[in-house]
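Q: I have a model open with a ligand in it, and I would like to learn how to read its surroundings. Could you walk me through it?

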Amino acid sequence: MKVVLAGFPRVGKTTVFQSLTGLADSTTGRGVIRVPDPRVDKLSEIYRPKKTTYATVSFVDVQPPEGASDEKAALLSPPLVSELKDADAVIAVVRGFADPYSGAPPQPETEFARLDEEFALSDLAVLDKRLERLNREGKKDREHALLERLVAALGEGQPLRTIEVAPEEAKLLSGYQLISLAQLLVVLNRADEDAAEPLPPKLALLVGQRGGECLAMAGRLEREIAELPPEDQAPFLCDAGLDASARDRFVQAAYRLLNLVSFLTSGEDEVRAWTIRRGTVAQKAAGKIHSDIEKGFIRAEVIAYDDFVRYGGEAECKKAGKARLEGKEYPVADGDIIHFRFNV
Ligand SMILES: Nc1nc2c(ncn2[C@@H]2O[C@H](COP(=O)(O)OP(=O)(O)OP(=O)(O)O)[C@@H](O)[C@H]2O)c(=O)[nH]1
Ligand SMILES: [Mg+2]
């Protein structure tokens, strides 16, 4: 999964990036984290494989453009927009602490509304330009109809992620740089002392109406905690009133937002987690591992992780009738341990 941080200047994008990745001095603004998964830990303990592979999230924190004329120009710089092209989600950071320069109190709802508007305006400009061109060429095709529909939706204040588009239509849009089409995760970056405050309901509601998900963290405090050795972090989190690190909470929110689950493969060579959209059928899931397994798919041998633990292993699950043979249309569930049978 790839996510890109965006937001107005000095709201703490880099601080949030550092607290989530644990990289305090990244010069590239790129960082990859493993998705923590106790099931992978456990399987790895049992199988003692040569290799253990976790799912990953890559973060991109784009450097603000030098000499941007105003904060709007700084918000959607060309490098940022181009990073968004292949991103799974945009992480919009909003300020939840008093401005360190002016002392101005935070106004997260207003700030989010402004961000949302800038994203929509950027999309409108892209769509208008393309429509103008289709009009000039006299093309009244499916794309034209789609773009008109999207322009109308934006005009009514609906971000594009909330509009239903058919899969063929989505393909037509993939070449454009439409910001409000990207999945949205809003991070409210708060002062240290507010680390454990619940999300402001107004902000959560507003973000929900825009088809996004919202998460609060105290970026600066959590960055300090993230720099500690893992075994020392728990007491500091506890002191701050938190039961999980910003990273863990972020990953959970992102999986929920993007509707992702993981299935597992296990053996002496490798124990590995694979991320898929909820509801992905077995044959498609096989394609995550290798296109040959998808093409030559015969069956999926499935053991639910909980059964694996309850019965104490693969052989025991088979004896208890807890190993299932599933066909290509089987919707893979979170935590399924799968062996694919296939022809080459
Ligand atoms: N109190 C408090 N201050 C913060 C927090 N996060 C960032 N700051 C301060 O806000 C300022 C900007 O933080 P950055 O992380 O550099 O913000 P940014 O959005 O990356 O800034 P640009 O990339 O320059 O747009 C710094 O002075 C930080 O110390 C926070 O969670 N709490
Ligand atoms: Mg920065």
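This is a predicted model: local features need pLDDT of at least 70, side-chain atom pairs count only at pLDDT 80 or more; totals for chains, interfaces and linings use all residues.

Q: Which side chains place a polar atom by an oxygen atom of ligand 1?

A: Thr15 does, with a polar side-chain atom 2.5 Å from an oxygen of the ligand. Asn189 does too, at 2.9 Å. Taken on its own, ligand 1 has 640 Å² of accessible area, and the protein covers 79% of that.

Q: How many residues surround ligand 1, and which are the closest?

A: A residue belongs to the surroundings if one of its heavy atoms lies within 4 Å. There are 15 around ligand 1, with Arg10, Lys13, Thr14, Thr15 and Asn189 the closest. By class, six are nonpolar, five polar and four charged.

Q: Which element gives the most to this shell?

A: That is α1, with three residues. At least two residues each come from α1 (13-21), β6 (183-190) and α9 (219-226).

Q: Where does ligand 1 sit?

A: In the second largest pocket, which holds about 560 Å³ of space. Its lining has 31 residues, and Arg10, Val11, Gly12, Thr15 and Phe97 lie nearest the centre. In this lining, 16 residues are nonpolar, eight polar and seven charged.

Q: And what volume has the largest pocket?

A: About 660 Å³. Among its 21 lining residues, Lys85, Ala87, Leu181, Ala182 and Gln183 are closest to the centre.

Key: Residues are numbered from 1 along each chain as its sequence is written. Chains are lettered from A and ligands numbered from 1 in the order in which they are written. Side-chain values use heavy atoms; hydrogens and water are left out. A polar contact is a pair of N or O atoms within 3.5 Å; within protein, one must be able to donate a hydrogen and the other to accept it, and residues adjacent in sequence count only if both atoms are side-chain atoms. Accessible areas come from the Shrake-Rupley method with a 1.4 Å probe; for residues, only the protein chains shown count as cover. On a 1 Å grid over the protein atoms alone, a cavity is a set of points where a 1.4 Å probe fits but cannot get out, and a pocket is an open set with protein on both sides within 12 Å along at least five of seven lines; lining residues have an atom within 4 Å of a point. A molecule sits in a cavity or pocket if more than half of its atoms lie within 2 Å of its grid points. Helices (H or I, at least four residues) and strands (E, at least two) are DSSP runs, numbered from the N terminus. Ala, Val, Leu, Ile, Met, Phe, Trp, Tyr, Cys and Pro count as nonpolar, Asp, Glu, Lys and Arg as charged, and the others, Gly among them, as polar. Grid points are joined across faces, edges and corners, and a volume is the space filled by probe spheres set on the points.
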